[in-house]
Amino acid sequence: MRIILLRHAESLGNVDELAYTRIPDHALPLTDAGRAQAVRTGAGIRDLIGDEPAAVYVSPYLRTTETLRLLAIDDLCERVVPEPRLREQDWGNLQDPDDQEVQKQRRHEFGHFFYRLPFGESGADVDDRVAAFLSELEAHAVSHPRTVLVISHGLTIRLLCRRVFAWSVDLFESLSNPDTCEFRTLTGDGDGWKLDRPFVQWRESPDGSGQG
């Protein structure tokens, strides 16, 4: 099986953090630049999928479903499944911009994996979600298309890889999200998984572990 992990195109929240105080996270649209970005990315995803049909699992947020639509690969999709377990980390109530900054600072100090946002989720909660998704995917591998396209969010993609490769929490927290419309490819050969290229690492992992 091969899993292509694609982060959504540039959204309003990527360029205007105060947008979260006006618009629910799940309803944030792509920017004009993001729409153009998704259109450009479509050709690369089409080449990557190749001739065999793919199964597509997409976070039900607007910015991910809009990205999928603009890729224009409907003819390559054997199935398209809106998958809530692939959604962004739930940040809870973001209407107060001052509190939003406080929560970001506390999360940075405490750690992105274990810090639970008030009325929201911790990274560990998202980790549990993606583990359930991967288990279900593995259980249906025999009757499933060999190529899977996942359109999701930066942190969710990193946590999915953490689960697949059993990375430490320290290593996970040392990695940066992929850029908008950037993808990673996981290839499984029955004996394990390989990542086509590493994530950018913004600091050395405190426990010395690596992505290899």
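Which residues form a negative surface patch? They are D96, D98, D99 and E101. Some ground rules before I go on. This is a predicted model, where local features need pLDDT of at least 70, side-chain atom pairs count only at pLDDT 80 or more, and totals for chains, interfaces and linings use all residues. Residues are numbered from 1 along each chain as its sequence is written, and side-chain values use heavy atoms, with hydrogens and water left out.

Back to the patch. A patch takes residues with over 30% relative accessible area and no salt bridge; like charges are joined within 9 Å, and nonpolar side chains (Val, Leu, Ile, Met, Phe, Trp, Tyr) within 5 Å. Areas come from Shrake-Rupley with a 1.4 Å probe, and for residues only the protein chains shown count as cover. Asp and Glu count as negative, Lys and Arg as positive; His and the chain ends are not counted. The charge is placed at CG of Asp, CD of Glu, NZ of Lys or CZ of Arg.

One member in detail. D98 sits in helix 4, residues 97-110. D98 is exposed, because its relative accessibility is 62%. The cut-offs: buried is under 20% relative accessible area, exposed is over 50%, partly exposed is in between, with a 1.4 Å probe and protein chains only.

Now the fold. There are seven helices and six strands. These are DSSP runs numbered from the N terminus: helices are H or I with at least four residues, strands are E with at least two. The order along the sequence is β-α-α-β-α-β-α-α-β-α-α-β-β. The C-alpha trace spans about 50 × 40 × 25 Å along its principal axes. A compact globule of 212 residues would have a radius of gyration near 17 Å, and this protein agrees at 17 Å. That radius is over C-alpha atoms, and the globule rule is 2.2 Å times the number of residues to the power 0.38. Of the 212 residues, 48% are buried.

Next, salt bridges. How many does the structure hold? It holds 20. The criterion is a side-chain nitrogen of Lys or Arg within 4 Å of a carboxyl oxygen of Asp or Glu.

Take K104 and E17, bridged at 2.5 Å, N to O. K104 is in helix 4 and E17 in the loop between helix 1 (12-15) and helix 2 (32-49), so this pair ties together parts 87 residues apart in sequence. K104 is partly exposed at 24%. E17 is partly exposed too, at 42%.

Then R35 and E66, with the closest N and O atoms 2.8 Å apart. R35 lies in helix 2 and E66 in helix 3, so the bridge links parts 31 residues apart in sequence. R35 is partly exposed at 28%. E66 is buried at 9%.

One more: R87 and E121, closest N and O atoms 3.5 Å apart. R87 is in the loop between strand 3 and helix 4, and E121 in the loop between helix 4 and helix 5 (123-139), so parts 34 residues apart in sequence are tied together. R87 is partly exposed at 25%; E121 is buried at 10%.

Last, backbone. Where does A72, with phi near 60°, lie? A72 is in the loop between helix 3 (62-71) and strand 3. A72 is partly exposed at 47%. A166 also has a positive phi, about 55°, and is not a glycine. A166 lies in the loop between helix 6 (154-165) and helix 7 (169-174), and is exposed at 65%.
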